[in-house]
Amino acid sequence: FLYHGLTHEFMHYYTTTVWQGKYKSGLYPAADCPPAHARLIGELLNIYFYEPYVQRYFLGSDEQFVVETVARAIQMEQHRQQPNPLLSLFLLDAYLRRMKHSLLALFRCMLERQQSRRRPYDSVAFLFDVAREDLGITLPVAYKEMLLGTRTAEPAMIEAALRQRGYVLIQTQDKA
């Protein structure tokens with residue numbers, strides 16, 4: 001738990017959810033950045049990257065990230081019928097991988113851009129702008145809607161992303 005917590009906090013060197021983070025982080029939101037946008041970039045990207053890292057360190061593989069974390073996110077989204085941001089990031093990563101990039105490559109570009117200009121980001125539009133301008137990828141609106149919590153993932157998107165990583169989505173029936 002200590003390693004897990006320390007890794008999470010070390011990742012805040014790269015990104016944070018509060019504007020005061022400009023004193024400690026490469027990516028920090030503007031004071032008027034919507035909280036959901038700041039949470040996505042400042043906290044959820046952090047979780048998306050450190051979880052598999054910790055699992056690779058302790059277990060030798062990040063398989064548990066998909067098997068447990070992503071599977072739990074899928075279940076939560078389907079049960080609550082509300083978008084799950086970690087699932088949305090996983091789906092965005094899968095989309096970027098199909099485009100011969102990754103969410104990590106996009107994150108790197110975001111950090112490099114911020115290091116050169118030292119300005120806060122105003123919203124999640126920053127992520128989409130960097131994808132378009134630095135990676136040459138115009139992300140479909142569906143990903144913005146999922147990331148901002150206004151749209152749930154389509155089962156076909158989930159199945160394709162899992163298949164890309166060598167997994168299959170198995171639907172279970174809850175007995176109520």
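Select E133 first: with a relative accessible area of 46%, E133 is partly exposed. Keep in mind that this is a predicted model.

**Stop 1: E133 and R113**

E133 and R113 form a salt bridge, and their closest N and O atoms lie 2.8 Å apart. This pair links distant parts of the chain. E133 sits in helix α6, residues 125-135. R113 sits in helix α5, residues 103-117. Is R113 buried or exposed? R113 is buried, because its relative accessible area is 18% and the cut-off for buried is under 20%.

**Stop 2: D134**

Stay on R113 and select D134. Here is another salt bridge to R113, with the closest N and O atoms 2.6 Å apart. Again the pair links distant parts of the chain, D134 in helix α6 and R113 in helix α5, 21 residues apart. D134 counts as partly exposed, at 36% relative accessibility.

**Stop 3: the network**

Which residues are linked in a network of salt bridges? Select R113, D129, R132, E133 and D134 together to show it.

**Stop 4: R56 and D62**

Move to R56 and D62. Their side chains meet in a salt bridge, 2.9 Å from N to O. R56 is partly exposed, with a relative accessible area of 42%. D62 is partly exposed too, at 25% relative accessibility.

**Wider view**

Side chains of opposite charge can pair when their charged atoms come close. How many salt bridges does the structure hold? The count is 9. Among them are R56 with D62, E133 with R113 and D134 with R113.

Methods. Residues are numbered from 1 along each chain as its sequence is written. This is a predicted model: local features need pLDDT of at least 70, side-chain atom pairs count only at pLDDT 80 or more; totals for chains, interfaces and linings use all residues. Side-chain values use heavy atoms; hydrogens and water are left out. A salt bridge is a side-chain nitrogen of Lys or Arg within 4 Å of a carboxyl oxygen of Asp or Glu. Buried means under 20% relative accessible area, exposed over 50%, partly exposed in between (1.4 Å probe, protein chains only). Helices (H or I, at least four residues) and strands (E, at least two) are DSSP runs, numbered from the N terminus.
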